[in-house]
Amino acid sequence: MGELPAFITASMLTLEFLVSGAAVARSWGDKVVEWLKVEMDAGDWVSKYLDPGYGFNPMAFMVSLVTSSLVFSGVKESKIATDIFTWVKVLLVAFMAIGGLFLFDSSNVKDFAPFGFSGVMRGATSSFFGYLGFDGICCVAGEAKNPTYNLPLSVMITLVLVTVLYIVAAFALTGMQHYSKISPESGFPEAFAARGVEWAAQLTAAGEIFTLPVVVMLSPVLQPRLMYALSVDGLLPPIFREVNEEGNLRKGVLFSGAFMTLMSAFVPFSYLDDFVSAGILIAFSVTNTSLVLLRHEAPEDKPFLLEKLLAFTHLLSFATALIACHAFDSPTGMSLVLCFSVTIILLSVYMSRSCPRTTFGGKRAISNDTTRYFKTPLLPHIPVLGNFANWYLVAQLSFLGIFLLLLYVCLATWIYFLYGARNSVGSISSWERGAYSVPSEVEVREIHDNHICHESEGHRETPGSKFASEQRDP
């Protein structure tokens, strides 16, 4: 798809890996203050020192600083802490779900789905924030044993486990307490307290405070690896690919931790929720689109047909989603939704028939050995359906979240043209070497360093510049 779409997609993943960590840290800080005030009946010192106002959250600042420092000490140490926190958190969620089912009152769910289908979809968009991170497993593939087998298995197990726990816990909570009375800050503790089970309320409140930092800890683990990949490709400065003797990305962790700490301390969670969700949904749509481009290609007599069809399905999907969310009750809106939906289906069928399947990557394939690649069934229909679902969820978000996302995309584009467009491997040498084989990391470093040397010493020929000229004109 090109460098700019790749850089913007990486920026969207930064929302997942870094900004979401800041949002969770901010939420954790709010929970601590709420727990001390309500559950522990603390004095005025809580408001004075832990909730001083001016948008500053001392507890969010503290948890971000501590978790970043732990990751800075090394992956092995942070992995042990992450494993402990994760198992405790899973046990806590299981306890809350089972306890809620024992206290289930069917009268609380008589008014099932009170806000209709649109309310269900809006809730799905908000809960999507809870699914973020499963793809982060791929960022630590370098530390995995037998990643070819263990990585896909880990992703599937994580998705299934999170989905089951989410559904059971949500059903138990709404059955334990009416939805109109559920606390947005401390749902289960308040629900247990309302049913008179004070010990369970205290346990779940303390458990949430204890286990939530594990989510914050993942941000400075994943984000440096994303910046490392961008730096290897020349899209970010070389400082982000520096690895110490122990194999840790210390400088990347330092930058990520500092950014997350400042954002969590001064930016409220309400400004980050929809912003992060919108960015990740768009990143997933780009992933779906990339999969189609890798498995299909336009016919020779109709170049760029596949790209045009994909772009048109994106536009129609977003238009259909907006109309379905905001004007579906009118006859015109219903007619447009039906017409656009049928058009998307027909475009998907036409795409599968007119754009033939090819080996993974097509003309840009690194290798003709396709046995090592997983083959997604029903292409391109599943990715097109996934794109429609993503755009439908984006249309549910607040105007503020979408506006912030547009500003963020503009900022990412500016950064790309400011640095990445002039320093990437593609601009210095060429992405196309033989059968589209990406240069090795050592070659990338040599190309980039020689390019810097070439600029600093005028236009005197260097080995790097000679290598680059050879790649441009083989």
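These legends accompany several close-up views of a predicted model.

View 1. Helices (H or I, at least four residues) and strands (E, at least two) are DSSP runs, numbered from the N terminus. Of the 474 residues in the protein, 42% are buried, where buried means under 20% relative accessible area, exposed over 50% and partly exposed in between (1.4 Å probe, protein chains only). Take the contacts between residues at least 6 apart in sequence: 78% of them join residues at least 24 apart, contact meaning heavy atoms within 4.5 Å. Residues are numbered from 1 along each chain as its sequence is written, and side-chain values use heavy atoms, leaving out hydrogens and water. Because the model is predicted, local features need pLDDT of at least 70 and side-chain atom pairs count only at pLDDT 80 or more, while totals for chains, interfaces and linings use all residues.

**View 2. The largest nonpolar core holds 54 residues.** A nonpolar core is a set of buried Ala, Val, Leu, Ile, Met, Phe, Trp, Tyr and Cys residues joined through side-chain atoms within 4.5 Å. Look for Phe-7, Met-12, Leu-15 and Trp-28, which touch the most other members. Helices supplying at least two residues each include H1 (3-39), H4 (75-102), H11 (273-295) and H15 (399-423). H1 gives the most, with 17 residues. Setting aside neighbours within four places in sequence, Phe-7 is in contact with Leu-230, Leu-235, Leu-236, Ala-412, Ile-415 and Tyr-416.

**View 3. H11 packs against H14 at an angle of about 165 degrees, with the axes 9 Å apart.** Axes are lines fitted to C-alpha atoms, for helices over the stretch in contact, and angles run from 0 to 180 degrees between N-to-C directions. H11 and H14 are therefore roughly antiparallel to each other (under 35 degrees counts as roughly parallel, over 145 as roughly antiparallel, 65 to 115 as roughly perpendicular and the rest as oblique). From H11, residues including Leu-281, Phe-284, Asn-288 and Val-292 meet residues of H14, among them Pro-383, Asn-387, Trp-391 and Val-394. By class, this contact has 10 nonpolar, 6 polar and no charged residues; Ala, Val, Leu, Ile, Met, Phe, Trp, Tyr, Cys and Pro count as nonpolar, Asp, Glu, Lys and Arg as charged, and the others, Gly among them, as polar.

**View 4. H14 (residues 381-395) also meets H13 (residues 331-354), their axes coming within 10 Å and crossing at roughly 150 degrees.** That makes H13 roughly antiparallel to H14. The contact is built from Ile-344, Ser-348, Val-349, Met-351 and Ser-352 of H13, together with His-381, Val-384 and Phe-388 of H14. Sorted by class, there are 5 nonpolar, 3 polar and no charged residues here.

**View 5. The loop between H13 and H14 contains Pro-380.** Here the peptide bond from Leu-379 to Pro-380 is cis, with omega near 0 degrees. Most residues other than glycine have a negative phi, and most peptide bonds are trans.

View 6. With 36% relative accessibility, Ala-113 counts as partly exposed. Phe-304 is exposed, at a relative accessible area of 59%.
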